[in-house]
Amino acid sequence: MWLAAAVEVHTAKEVVAVNGTNQRLKCTFSSSSPVSDQLLVSWNFQPEDLSSHEPVFRYLKEPYKPPSGRFKERVTWDGNIERNDVSIIIWNLQPTDNGTFTCQVTNRPDVYGTIGEVRLRVVQKVTFSEIHFLAIAIGSASGLMIIVVTAVIICRQHRRKARDKRIEVADTEL
């Protein structure tokens with residue numbers, strides 16, 4: 001019995017992108033064998049409605065865009081084989097692009113291995129995250145502090161002028 005080495009594929013579990021934007025779907029791999037000229041990369045898509053898988057992109061010695069389908073003219077190669085990067089970019093994202101993208105790499109003699117999965121969620125606008133809330137809170141607090149310090153300085157100057165005027169009036173009366 002022969003043991004076959006495996007290719008390990010690494011992807012983000014979930015990506016959230018805004019409708020109408022472009023999104024890089026990162027996929028990297030590691031292999032116990034050197035990268036061969038027979039390296040095969042297959043990207044596929046499973047829509048949320050669980051209809052049939054659709055091919056998205058293939059790489060075998062060079063990138064091959066899909067000749068038809070929803071990703072025709074909307075996907076480009078953004079990988080670097082020498083760096084074990086087989087990423088792609090999906091252009092002009094639509095709500096119909098919600099679903100799971102799979103990235104599969106075969107590097108002979110490593111023909112078995114994991115399949116990377118990325119769940120893509122296309123949203124209408126960016127959700128208000130905790131970091132945005134924190135930035136607004138810090139900015140608001142800083143602005144409020146500047147206003148308070150300015151008010152205190154103006155009040156002190158006004159009091160000083162009023163005191164100086166009283167002293168001046170008292171001096172002229174004497």
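**Entry 1: the three-stranded sheet**

I began with an open sheet of three strands, ordered E4-E1-E11, with mixed pairing. Two strands count as paired if DSSP finds at least two bridges between them. The strands (E, at least two residues) and helices (H or I, at least four) are DSSP runs, numbered from the N terminus. I noted that E4 (27-31) and E11 (112-113) stand at the edges with a single partner strand each, so one side of each has no neighbour in the sheet. E1 (residues 6-11) runs parallel to E11, and two bridges join them. I looked up Val 7 and found its bridge partner in E11, Gly 113.

A note on what I'm looking at: this is a predicted model, where local features need pLDDT of at least 70 and side-chain atom pairs count only at pLDDT 80 or more, while totals for chains, interfaces and linings use all residues. Residues are numbered from 1 along each chain as its sequence is written, and side-chain values use heavy atoms, leaving out hydrogens and water.

**Entry 2: the six-stranded sheet**

Next I traced another open sheet, this one of six strands in the order E2-E12-E10-E5-E6-E7, again with mixed pairing. Here E2 and E7 (63-64) are the edge strands; each has a single partner strand, so one side of each is left without a neighbour in the sheet. E2 pairs with E12 in the parallel sense over five bridges, and Val 15 has Leu 120 in E12 as its bridge partner.

Then I followed E5. E5 and E6 are antiparallel, with six bridges, and Ser 42 stands opposite Arg 58 in E6. E5 is also antiparallel to E10, over eight bridges, and there Gln 46 stands opposite Thr 100. E5 is mostly covered, as six of its eight residues are buried. Buried means under 20% relative accessible area, exposed means over 50%, and partly exposed is in between (1.4 Å probe, protein chains only).

**Entry 3: the core**

I checked the largest nonpolar core, which has 27 residues. Such a core is a set of buried Ala, Val, Leu, Ile, Met, Phe, Trp, Tyr and Cys residues joined through side-chain atoms within 4.5 Å. Among those with the most contacts inside it are Trp 43, Val 56 and Ile 88. Strands supplying at least two core residues each include E1, E2, E4, E5 and E6. I also listed what Ile 88 touches (heavy atoms within 4.5 Å). Leaving out residues up to four places away in sequence, its contacts include Leu 25, Trp 43, Val 56 and Trp 77.

Most residues other than glycine have a negative phi, and most peptide bonds are trans. So I went looking for exceptions. Glu 73 has a positive phi of about 65°; it sits in the loop between E7 and E8 (75-77) and is exposed, at 65% relative accessibility. Asn 92 has a phi near 50°, lies in the loop between E9 and E10, and is partly exposed at 39%. Leu 50 takes a positive phi near 60° in the hairpin of E5 and E6, which has six residues between the strands. The bond from Arg 108 to Pro 109 is cis, with omega near 10°, and Pro 109 lies in the loop between E10 and E11.

I ended on helix H1 (residues 130-173), where I found Leu 144. Leu 144 is exposed, with a relative accessible area of 53%.
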